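Welcome to this structure! Here are a few places to look as you get your bearings.

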Amino acid sequence: MGLLPALLVLALVTLGPALYLIITSLTPLTPVNPDTAFDFSDPLGNYQSILTTDEFWRSVWVQIELSAVTVVTQLAAGLGLALLLDRPSRFLEALRTGFLVPMVLPPIVVAIIWKILYTPDISPLHHLLAWLGLPIHSLITNPSTAIWAIAAADTWEWFPFTMLMLLAALQMVPKEPQEAARIDGANAVQLFWHVRLPYIRPTLVVCVLFRLIDSIKAFPLIYVLTDGGPGGATQVTNYYAFEQTFSFSYWGYGSAVATLMVAGVFVLSIMVNRLGGEAIDE
Amino acid sequence: MSTRRIHRRQVLASAAGGAGLLMLPGKAPAQGGAKKLAGVTLNVSCWSSSYPKFLADYIPEFEQATGAKVNYETPSFPIYNQRMDIELSTKSDAHDVVNVTFIFSGRWVGAGWVIPLTDYINDPKKTPADWDVNDFLPGSTSAFKDRQGRLCAIPWIADVHMAGASRYDLIQQAGMKLPDTFDELAAVLKAVNKKDDIPAFVVENHYGWTFIPFLQGFGGNVFRNPPTDLMPMLDSPEAVAAADFFCAMLRDYGPDGVLSYTYDQVLETLKQGRANYSSSNETFLVQMANPDSKVAKTCALSLTPGGPAGRFPNVAAHGWGIPVGSRNKDAAWDFITWAMSKELTQRMFNDHGYSSVTRRSMIQRPEFREKMRINGTDVAQLYLDTLDLGAKGYTVYRTVAPYPPVDHEIDVAIQRIISRQQSAKEAMAQAQQNALTQLKRAGVKL
C-alpha cells in the first residue's frame, strides 16, 4: 500500500504519454484545426487509411531490410573484433578504446562524416576508388545502393556496442572448460563453437534486442544522408511518421503510425526476450 | 582595455544607424526620455539564411537604443517551419516576431495565427510616414494579405528564380548565348556538357520548388485553379512532358549524385566552377560574382527560360509577422519597423551586399544598380522583371494551406524518374494518387 503513490507517479510518467499517443491516434488531429483533437467520430479512420496506403507498407519493407542488414552486420563485425581483441595485450587494450570512438560521437556528426564520404565530388573514398581505377557512382542517390549505404554508416557507428558487450561476455567465459577442450585437441573454431558460443549466447540475444530496437529508431543518418530518398527508397516507418506528423501536420495519422510502431517493437521485444530466456535456460 | 581605430566608413554607418533608430516612435535617448522598451524581452525567430545572419550584427544597436533585450534564433529552414507551425497553432506566447514562411503563408495568415499589421501601419504614432509601406514591391507582399486584404507580414526577401552560368565562356565558345527557351536550354546543355570536365546542369533537390517553372512552362500546374480549386494536376500530359524534360536534363547533364544536392551544395558547386548552368534563386546566383568565387569573371545571369506556355520563374517572399499569442505586440512592431527601415536595408546592402531587397526605392538607387551589374548584366532589372512576372499570380499554388504534402509528392516523383525507378508517366500518376490521398487527409473537398 505504501508503494501506491510511487507506482501511480511511475504509471503517469511512463504510461501517460503513451496513452495520449493512442488517444490522439483515434482522432484526425491537425494543428490547423484544434477542434479535431476531440473528434472521435471515426476512431479507426487513421488505421484504415494506414493499412491501405502503399507508402506505409513500402516504409515497413524498407525498415525490415535496414534492420535485418544492420543487426546482422553489427553482430558479425562486433563478434569478429571481440574475438580478435580478447587477448591480454596493452596494444589491444588501446585499440579497443579506439574502436569505441564511432559509438560516442553525436549521431549528427556521424551523419556528416558519411555525407562527405558519399558526396562524389568531395569524397576521399570516391577519389581513392577513382585513382585505383575503380570509380563508383553516388551510392546515396542510387535506389539500389542507398539502403546499403545507410546500413554501412549505421554499422560503423554501432558495431562498437556489440563488440564491447561480446568482449565482456568472452572475458567472463571460465578458463577450465576452454583448457580442457584444448587438451582434448579442439581447434580454434571448435573451441568457439562448442565452448565459448554457448556461454555468450545470452549476451548475443541482448545485443540483437538492443540493436533491433535501435534500428527501428534510425533517423539522423537517413535525415542527413538521403532524406528518405531517392524516391522513398530509404524511407523507414519512423521517417514516414515524422514526415506525416511534422512536415504535413497530420498529427492524428502520425500518432497512429507511431502506435503501430510501438506495438511492433513490443511484439519484437517479447519474441527476442523469449529467445534470450531459452538461451539462458540452455 | 582594447582600443581600435575608427574608420570613416564606420562613423558614417553608425550615423546612418542612429538616424534609423531615431525613426522609432517615442522619445529617442537623445531627447532625454527613458528608453522606450526598457525591461521588455523580445523573442525573435527566423530560419537561417543570409539576411537573418546579417541582421544579427545590428540587433545590439536596437537593444542599445530601445532598452529591449532581444533573444534571436535562426534554426534551419525545415526545423524552423516545423517548430513554428506548432508554436503558432497553439497560439503560444513564446515568440514576438516570427518569419512568415511563404509556403506556410496561406495557412498561418489564413488561420489568423499572425495578426494584421494595418492598424500599426496606419497609426502615425506607431509608424513614421516616411517608413512608407507602399515602397515594398507588390510581388513581395501579396502572399501576406488576409481575406480582407490586410497585410500580415512585412517582406524581408523577395526570393526570385533566375538562371545563371558559372562558365558562360564555355557557352560562348560553343557559339551560343544563355538560353531563353527550354529548346535553347536543351541545346546549350548538350553543347557544353563535360566541356572542361564540367557537368552542364545542376539544381537544388527541392523539386517542389525547382521543377515548377518547367511544369508551368509546359502548360501544366500543381492544382487546377488555386486557391479555389485544389484538384491536383500532376498526371496531366503537360506535367508528364515537363517531368520527362526536366529529369532528362538532370540525368544526362547533372553531376554524379545530383539528387542529393541541397541549395548550399549547388551554390558552392557553381562558385567552384564544378557545374556550369543552374536555374536557382537570385540570392544564390549573384554570389557567383563574389570575390571568393572562382567564376566571378566568367559567370552570367539571365531570366529563367520559358516554355511553350510562357515564362514562369519562381517568386516567393518571406516576411516578419507578429504571432497572435505575443504579449509584446507593440514592441514587436517597433522591431519590425526598425529591421525593415530604409536605412537598415541600405546598410545591409552596403555592408554585406544583401541584394534580395523588397523596397523599390532601394532597387532604384544608382549604387544598387551599379553593384548589381554582373559582367555586364543588369541583374537589378532582371530582378524587377521577374517580380513583375510573379505579380501575375501564378505562384498562388504555393500559398495554399495543403501545399506542403503535395510539394513532397513532387519531390518523390522527380527523384523516382531521375533514378530510373519509374517512367515520368508512372511517377507522376503515382504522385497524383498520393496527392489526392494527402489532400483528402487534410480535409480538402475536391
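The points below walk through some features of this predicted model.

1. Start with the largest nonpolar core, which has 139 residues. Within this core, B:A243 and B:F335 are the members that touch the most others. Helix α12 of chain B, residues 237-253, gives the largest share, eleven residues.

2. Where does this core sit relative to the domains of chain B? Domain 1 (11-159 + 316-370) and domain 2 (160-315 + 392-441) both contribute residues, so the core lies between them.

3. Leaving aside residues up to four places away in sequence, B:F335 touches B:L42, B:V44, B:F62 and B:V97.

4. Back in chain B, have a look at B:D244, which lies in helix α12. Is B:D244 buried or partly exposed? With 17 other C-beta atoms within 10 Å, B:D244 is partly exposed; being buried would take 20 or more. Along the chain, B:D244 and B:A424 are 180 residues apart, yet their C-alpha atoms are separated by 5.4 Å.

5. Finally, turn to helix α9 of chain A, residues 175-183. Of its nine residues, the number buried is zero, so this helix lies largely in the open. Just after α9(A) comes A:G185, whose phi is positive, at about 95°.

Technical notes:
Residues are numbered from 1 along each chain as its sequence is written. Chains are lettered from A and ligands numbered from 1 in the order in which they are written. This is a predicted model: local features need pLDDT of at least 70, side-chain atom pairs count only at pLDDT 80 or more; totals for chains, interfaces and linings use all residues. A nonpolar core is a set of buried Ala, Val, Leu, Ile, Met, Phe, Trp, Tyr and Cys residues joined through C-beta atoms within 7 Å. A residue is buried if 20 or more other C-beta atoms lie within 10 Å of its own, exposed if 12 or fewer, and partly exposed in between; C-beta atoms are placed from the backbone. Helices (H or I, at least four residues) and strands (E, at least two) are DSSP runs, numbered from the N terminus. Domain bounds come from an automatic or database domain assignment. Two residues are in contact if their C-beta atoms, placed from the backbone, lie within 7 Å.
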